[in-house]
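Reader: Hi, I have a few quick questions about this one. Can we go through it together?
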Amino acid sequence: MSTWQLIANGFAMVLTPVGLLLQVVGVAVGIVFGALPGLSATMAVALFLPVTYSMTPSNAMTLLMALFIGAISGGLISAILLRIPGTPSSVATTFDGHPMVKKGQAAKALGVGIVFSFLGTIFSTILLMFIAPEIARVAIAFGPAEFFSIAIFSLTMIATLSSGNMVKGIIAGIIGFMFSTVGTDTIEGTQRFTFGLTNLKGGFDMLGVMVGLFAVGEIIAAAETAHHKDKQELTVPNMRGIKGFGFTIKEFIGQGWNALRSALIGFGIGVLPGIGGGTSNMLAYTVAKNYDKNPEEFGTGRIDGLVAPEAANNATIGGALVPLLTLGIPGDTTTAMLLGALTLHGLTPGPLLFQNQADVVYGIFAAMLICSFIMLAMEFYGLRVFVKMLAIPKYILLPCIFVLCALGAYQLKNNISQVLACLLFGLVGYGFKKFSIPSTPFILGFILGPLAEVNYRRGMMVTNGSFTPFLTSPISAVFLAIAVLVIVIYATKPLREKRKAAKGN
C-alpha cells in the first residue's frame with residue numbers, strides 16, 4: 001500500500017463523529033491545561049489516560065494527541081497576557097510577547113503566537129509523516145546490540161538536562177534506573193527488590209510514576225503558596241477590540257525564514273530523546289536573536305522574538321514522535337506518557353508498528369493535522385473564555401486535580417497500592433523540585449535503563465559473552481562513539497570554561 005493510500009486511510013479512521021468529538025474536546029481541554037500556570041501537556045495526558053481504557057486504540061491516541069497539541073500551544077496565552085509561562089515550552093514566549101501587550105499590541109501578540117504555533121505543528125507533522133516510515137524501515141534490522149547502543153546514547157542526554165549541574169542529572173538518572181529494577185526480572189523471572197511485598201512483583205507502573213512525578217509533585221509544590229491570592233495571577237486583561245490576527249501579510253512573509261529555521265530547530269530537538277520543547281523554544285529564540293541585525297531590540301516587543309519560540313515548541317511535537325514510533329524511545333516526558341498509552345492498548349512502538357498497525361500510525365498523523373486546524377480556530381474564537389480561566393484560584397483547582405490523579409492511579413490495576421505508589425513518586429517529584437534536581441533524567445533512567453539492561457543481556461547471551469558484536473555493528477558502533485563523545489564534551493566543559501576565563505583575565 002502506498003504512502004498516500006495510508007494517509008487517506010488515516011483520515012478516514014479519525015474523520016468520524018466520535019473521532020471529531022474527541023479531537024474538539026481534547027484540544028479544548030489541552031489549551032486550558034497549557035494556559036493554566038502549573039499545569040502541562042504531560043499532566044493533561046496523564047489525567048486522561050484512564051478515560052481511554054475502554055476506547056479503541058485509534059480513538060485513544062486521537063484524544064491524547066489532541067490534548068498534547070492543545071496544551072503545547074495553550075501555554076502562549078498566559079505567557080503573553082500575564083508573563084507567566086503556562087508550560088516550560090512557553091518560557092521564551094514571555095520575553096517579547098508580554099512587552100507587546102504592554103505596548104498595547106495584545107491582539108497582535110496573540111495572533112502571531114497562535115498562527116506560528118499552528119504552522120510549527122503542521123510543518124513537523126508533515127515531516128513526521130514522510131521521515132518516520134523511512135527510519136522504521138532501517139530500524140527493522142536492529143538487534144540487541146543496536147538497541148543497547150541507542151539506549152546508551154539516549155541516556156547520555158542526561159548531561160544536557162542537568163540545569164548546569166551534571167551531578168544532579170546523573171543522580172536523578174540513577175534513581176530512575178533503580179526504581180525500574182523493582183519487580184520481576186524479564187530475562188530470568190526472579191524477584192528483584194520486592195522485599196517480600198506481593199504488590200511490588202509487577203514493579204512500578206510507568207503511568208503511575210508519571211502521574212505522581214509530574215502531576216502530584218507539582219500539586220504538592222504549588223500547595224505551598226496556593227492560599228496566597230497573587231494579584232498578577234488573578235488579574236484578567238481586557239480583550240475587547242480583537243479583530244483578525246492583528247498582523248499584516250507583509251509581516252507574515254517577513255517572518256518566513258525565522259519561522260522555518262525555528263521549526264527545523266524544534267523538530268530536530270524533538271528527535272533527540274529527553275530534551276523537548278523546554279529547550280527548543282529557548283534555543284530558537286537565542287538563534288533568532290544572534291542572527292538578527294538588531295539583537296538589542298529583543299525583549300522589547302519584537303515580533304521575531306515571539307515567532308521563533310512558538311514555531312519551535314510546536315514543531316517539537318512531531319520531532320518527539322519520531323523516536324517514539326520508530327524505536328520505542330520517548331522524545332520527551334509527554335511522549336513517555338504516550339508510550340504507556342500505546343502499550344496499554346496492545347501496541348508495541350518500534351519499526352514493526354508501521355507494518356502491523358499502519359492504520360493506527362497514520363490515524364495519529366491525520367489527527368495531528370486536523371487538531372492543528374481545530375486549535376487555530378478554537379484559540380482565536382475562544383480567547384476570552386480561556387483568559388477568564390486564568391483567574392481560577394489554586395486552592396480550588398489543585399484539590400480537584402489531586403482527586404483525579406488518585407482516581408487515575410487506582411484504575412491502573414484497581415488496587416490502592418497504585419495510589420500509594422503515585423503518592424510516593426509525588427513526594428519524589430516534590431523533592432526534586434525543592435532541591436533543583438531535574439525530573440527528565442529520572443524518566444530517562446526509568447524508561448531507558450531497562451531497555452539498555454535487557455538488550456545488553458540478550459546480546460551477551462546470543463554472542464556467548466562476547467562484547468565484540470556491539471563494537472563491530474556499524475550502527476551500534478556509531479551510537480556508542482557519539483555517546484562517548486557527548487560524555488567527554490560535557491565532562492570537560494568546566495575545564496574549558498576555566499581556561500577561557502583565565503585567558504580573558
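Reader: Where does serine 436 lie?
Author: In the loop between H20 and H21. Keep in mind that this is a predicted model.
Reader: OK. And what is its phi, for serine 436?
Author: Phi of serine 436 is near 55°. That is a positive value in a residue other than glycine.
Reader: Which loop holds asparagine 464?
Author: The one between H21 and helix H22, which spans 468–472. Asparagine 464 has a positive phi too, of about 60°, and is not a glycine.
Reader: New topic. How many salt bridges does the structure hold?
Author: There are 8. One of them joins the side chains of arginine 457 and aspartate 185, at 2.9 Å from N to O.
Reader: Where do arginine 457 and aspartate 185 lie?
Author: Arginine 457 lies in helix H21, residues 440–462. Aspartate 185 is in the loop between strand S1 (183–184) and strand S2 (191–192). So the pair ties together parts that are 272 residues apart in sequence.
Reader: Now helices. How do you describe two packed ones?
Author: By the angle between their axes and the distance between the axes.
Reader: At what angle do H12 and H14 cross, then?
Author: At roughly 35°, and their axes come within 6 Å. H12 covers residues 256–271. The crossing is right-handed.
Reader: Which residues meet there, in H12 and H14?
Author: H12 brings several, including Ala259, Ala263, Gly266 and Gly270. Among those in H14 are Ala308, Ala311, Ala315 and Gly319. The contact of H12 with H14 divides into 12 nonpolar, 7 polar and 1 charged.
Reader: And H14 with H15, what's the angle and how far apart are the axes?
Author: They pack at about 35°, with axes 10 Å apart. H14 is residues 304–327 and H15 is 333–344. The crossing of H14 and H15 is right-handed.
Reader: Which residues make the contact of H14 and H15?
Author: Ala320, Leu321, Leu324 and Leu325 come from H14. Thr335, Leu338, Leu339 and Leu342 come from H15. They divide into 7 nonpolar, 1 polar and no charged.
Reader: Last one. Which residues make the nonpolar surface patch?
Author: Phe402, Tyr410, Ile416, Leu420 and Leu423, for about 460 Å².
Reader: Which helix gives the most to the nonpolar patch?
Author: H20, with 3 residues. Helix H19 (394–413) and H20 (416–434) each supply at least two. Phenylalanine 402 lies in H19.

Key. Residues are numbered from 1 along each chain as its sequence is written. This is a predicted model: local features need pLDDT of at least 70, side-chain atom pairs count only at pLDDT 80 or more; totals for chains, interfaces and linings use all residues. Side-chain values use heavy atoms; hydrogens and water are left out. Axes are lines fitted to C-alpha atoms, for helices over the stretch in contact, and angles run from 0 to 180 degrees between N-to-C directions. Helices (H or I, at least four residues) and strands (E, at least two) are DSSP runs, numbered from the N terminus. A crossing is left-handed if the near helix is turned anticlockwise from the far one by less than a right angle, and right-handed if clockwise. Contact means heavy atoms within 4.5 Å. Ala, Val, Leu, Ile, Met, Phe, Trp, Tyr, Cys and Pro count as nonpolar, Asp, Glu, Lys and Arg as charged, and the others, Gly among them, as polar. Patches are made of residues with over 30% relative accessible area and no salt bridge: like charges are joined within 9 Å, nonpolar side chains (Val, Leu, Ile, Met, Phe, Trp, Tyr) within 5 Å. Accessible areas come from the Shrake-Rupley method with a 1.4 Å probe; for residues, only the protein chains shown count as cover. A salt bridge is a side-chain nitrogen of Lys or Arg within 4 Å of a carboxyl oxygen of Asp or Glu.
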